[in-house]
Amino acid sequence: MEIEGIRTDRLGLLLDQFDQARAMAEVRLRGLADEEYLWEPVAGCWSIRRRDEAVTPRAYGPGDWVLDKGAADIPANEYAEVARQAAGGMTIAKIAEDWSVSVERVEQVLAHTGEPAPDEVPVTTIAWRLGHLHSCLAGQWEGTFGGRRLEPNQLVDFTPSADLALKRFWALIERWREGIGAVTEEQLDTVGFSQYPYGSDADDPFIAVLAGANLEFIHHMAEIALLRDLRRARFANPA
């Protein structure tokens, strides 16, 4: 169905939302320079670093540069997602596997008694936000439209070059958009149409996966835009 150029079918709504978010993101990322891309607003930021300079225990990537990643835990801002997984029928063991934590940790979270890890919500650089989003979407593309056999954490060759990172990222976005644009109504309702292993994709209908991917794109791009605004304000009015 279409009303004055606006699609109202399920896929159409998600595609329009994604397209609008992408258009806004493209504007907000114009002119991104290397020093801004790698800017650390506070000490102890997560970013991309040379492999031999990594400071987080689970930093990953296939090349000379890796993306920071800390010890496995469930951030407090994801407790509601864990509760949703449990309410949807996922076993505690499966949830623990999904988040790479112990069964006991999941039980604590579900009981709202678990204390969050100290570094659970780190301050990050633009490079980290873009790299994380690139890594997640590359993994979801491979787990949905690709061969479903490649390790997601080895798909993105992280780089300190903002121009190169954006060139690679927008190429992936175009490929992702082409894939989801051809999804059928039956596939939207298919549980496990995406087999991306680091999340609940395999247990969800694909329409829920798409909605989640849109949210991931939107919130990370909003964070990147805010980081750009903060940096501009800081250097325009140095303390």
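1. Let's start in the middle of the protein. The largest nonpolar core has 43 residues, and Tyr 37, Phe 217 and Met 221 touch the most other members. Here, a nonpolar core is a set of buried Ala, Val, Leu, Ile, Met, Phe, Trp, Tyr and Cys residues joined through side-chain atoms within 4.5 Å. Buried means under 20% relative accessible area, exposed means over 50%, and partly exposed is in between, using a 1.4 Å probe and protein chains only. At least two residues of this core come from each of α1, β4 (65–67), α6, α7 and α9. These labels follow DSSP runs numbered from the N terminus: helices are H or I with at least four residues, and strands are E with at least two. Apart from this core lies another one, of 10 residues, including Ile 74, Tyr 79, Val 106 and Val 109.

2. A word on what you are looking at. This is a predicted model, in which local features need pLDDT of at least 70 and side-chain atom pairs count only at pLDDT 80 or more, while totals for chains, interfaces and linings use all residues. Residues are numbered from 1 along each chain as its sequence is written, and side-chain values use heavy atoms, with hydrogens and water left out.

3. Which residues does Tyr 37 touch, not counting residues up to four places away in sequence? The list is Leu 32, Ile 48, Thr 125, Ile 126, Ala 127, Leu 130, Thr 159, Pro 160, Ser 161, Ala 162 and Ala 165. Contact means heavy atoms within 4.5 Å.

4. A search of the whole structure finds 2 cavities of 30 Å³ or more. On a 1 Å grid over the protein atoms alone, a cavity is a set of points where a 1.4 Å probe fits but cannot get out; a pocket is an open set with protein on both sides within 12 Å along at least five of seven lines; and lining residues have an atom within 4 Å of a point. Grid points are joined across faces, edges and corners, and a volume is the space filled by probe spheres set on the points.

5. The largest cavity has a volume of about 70 Å³. Tyr 37 is one of its lining residues, and others include Leu 130, His 134, Phe 158 and Phe 169. Helices α6 and α7 are the elements that give two or more residues to this lining. By class, the lining of the largest cavity holds 6 nonpolar, 3 polar and 2 charged residues. In this scheme, Ala, Val, Leu, Ile, Met, Phe, Trp, Tyr, Cys and Pro count as nonpolar, Asp, Glu, Lys and Arg as charged, and the others, Gly among them, as polar.

6. The second largest cavity contains about 30 Å³ of space. Leu 11, Leu 14, Leu 15, Ile 180, Leu 210 and Asn 214 line it. The elements giving two or more residues to this lining are α1 (10–28) and α9 (206–236). Helix α1 has the largest share, with 3 residues. The lining of the second largest cavity has 5 nonpolar residues, 1 polar and no charged ones.

7. Now for an open space. The second largest pocket has a volume of about 190 Å³. Its lining includes His 134, Ala 138, Trp 141, Leu 155, Arg 168 and Leu 172. Both α6 (126–144) and α7 (162–181) supply at least two of the lining residues. The lining of the second largest pocket divides into 6 nonpolar, 1 polar and 4 charged residues.

8. Ala 138, from that pocket lining, lies in helix α6. Ala 138 is buried, at 7% relative accessible area. Its contacts, leaving aside residues up to four places away in sequence, are Leu 155, Val 156 and Leu 172.

9. How many disulfides are there? The count is 0, where a disulfide is a pair of cysteine sulfur atoms within 2.5 Å. The sulfur of Cys 45 has its closest cysteine sulfur in Cys 136, 19 Å away, so the two are too far apart for a bond. Cys 45 is buried, at 1% relative accessible area, and Cys 136 is buried at 15%.

10. Two arginines to finish. Is Arg 228 buried or exposed? Arg 228 sits in helix α9 and counts as buried, at 10% relative accessibility. Its contacts include Arg 28, Glu 36 and Ile 126. Arg 148 lies in the loop between α6 and α7 and counts as partly exposed, at 41% relative accessibility. Phi of Arg 148 is near 60 degrees, a positive value in a residue other than glycine.
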